[in-house]
Every structure is written in C-alpha cells, then in structure tokens.
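The sequence and the structure are shown first, and the description follows.

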Amino acid sequence: MPKTSFSLNNRAVIPPAKYLLVAALMISIGAQWVVLQSAAWVGMVVAYSVEEGSISEGFSKTFDGDHPCPLCKMAEEGRNSEKKLPAKETPSKKIELFLTTRVIVLTPPVGRKLPRPMDEAASPLMIPPPVPPPRRGLI
C-alpha cells in the first residue's frame with residue numbers, strides 16, 4: 001500500500017499540495033460561499049443570543065431571514081454573481097457538420113512490387129505437420 005503521508009513524532013503530516021488540491025476543488029464547486037455563510041450564521045447566533053438573552057431567540061432571529069448580517073449579504077451576492085451566465089452570442093452562420101465516406105486507394109510505391117497472395121504456385125512448398133503415431137491402450 002503506498003504511503004500518502006509521512007510521520008513526524010508519531011503524527012501524520014499531510015503535504016501542503018493536498019491542502020491546495022482540496023481548496024481548489026472546493027472553490028471550483030462554489031463551497032467558499034457555503035463556508036462564508038456558515039461562519040456568518042455562527043456569528044449571528046452568538047450575537048443575537050447575547051443581544052436577546054436566550055439561545056432560542058438567537059437561533060430564531062438568525063434563521064428567520066428578516067435580519068441578515070453584512071456577511072450574509074456578501075455570501076448571497078457572491079452566489080448570485082456565479083449563477084449569472086454571460087449572454088451567448090448567436091453565430092451569424094449555422095455550421096452544419098455531416099459525415100461523408102471517402103474511398104482510399106492504396107497503391108505501391110513506384111518500382112516496388114507488393115507480395116503476391118498465396119496461390120497454387122506456393123502450395124507445393126508447404127509441408128503439412130507430421131501426424132503422431134497412434135497410441136495403444138488409450139481407448
């Protein structure tokens with residue numbers, strides 16, 4: 001089994017390239033907005049719980065949708081900006097792709113002859129394999 005990490009004082013050390021790969025994959029699927037929104041919710045729950053005096057009020061005020069924080073607004077703008085696709089330009093000419101068949105003729109180079117297929121002239125040169133003698137007592 002190949003090693004994916006090496007050990008340093010009995011602790012597994014993961015090379016930084018793996019962290020970069022995970023970060024690049026997360027950004028490619030838009031996970032940065034989920035992380036940002038989650039951080040905003042945690043901050044809002046804490047702030048509203050302290051402000052209102054109870055955790056249940058803090059949760060209800062956080063998730064009711066009427067009290068977004070600036071971080072929530074930034075995450076929503078980021079998600080919406082990624083969803084908008086640029087208008088596609090319509091080509092002026094329609095390109096039609098179709099399949100055609102072509103006949104390819106192979107000719108030998110000038111001055112060289114192709115080998116002839118085996119015909120009657122070559123059959124006397126072929127020697128059949130020897131037939132083994134019959135064995136006694138097998139049948």
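## Helices α2 and α4

Helix α2 passes helix α4 in a left-handed crossing, a term that applies if the near helix is turned anticlockwise from the far one by less than a right angle, with clockwise giving a right-handed crossing. The model is a predicted one, in which local features need pLDDT of at least 70 and side-chain atom pairs count only at pLDDT 80 or more, whereas totals for chains, interfaces and linings use all residues. Residues are numbered from 1 along each chain as its sequence is written, and side-chain values use heavy atoms, without hydrogens and water. Helices are DSSP runs (H or I, at least four residues), numbered from the N terminus.

The axes of α2 and α4 cross at roughly 160 degrees and come within 9 Å; axes are lines fitted to C-alpha atoms over the stretch in contact, with angles from 0 to 180 degrees between N-to-C directions. The two helices are therefore roughly antiparallel, the class for angles over 145 degrees, while under 35 counts as roughly parallel, 65 to 115 as roughly perpendicular and the rest as oblique. In contact (heavy atoms within 4.5 Å), residues of α2 including Trp33, Leu36 and Trp41 meet residues of α4 including Leu71, Met74 and Arg79. This contact divides into 10 nonpolar, 3 polar and 2 charged residues; Ala, Val, Leu, Ile, Met, Phe, Trp, Tyr, Cys and Pro count as nonpolar, Asp, Glu, Lys and Arg as charged, and the others, Gly among them, as polar.

## Helices α2 and α3

The axes of α2 (residues 31-52) and α3 come within 7 Å and cross at roughly 130 degrees, and these helices are therefore oblique to each other. Their crossing is right-handed. The contact of α2 with α3 has 7 nonpolar, 3 polar and 4 charged residues.

## Aromatic residues

Aromatic rings of Phe, Tyr and Trp (its six-membered ring) pair if their centres lie within 6.5 Å; planes under 30 degrees apart are stacked, over 60 edge-to-face and the rest tilted. There are 2 aromatic pairs by this rule. Phe59 and Phe63 form a stacked pair, with 6.2 Å between centres and 20 degrees between planes. Both residues lie in α3 (residues 55-63), 4 residues apart, about one turn of the helix. Phe59 is partly exposed at a relative accessible area of 41%, the class between buried (under 20%) and exposed (over 50%), for a 1.4 Å probe and protein chains only. Phe63 is also partly exposed, at 46%. Trp41, Phe59 and Phe63 form one aromatic cluster.
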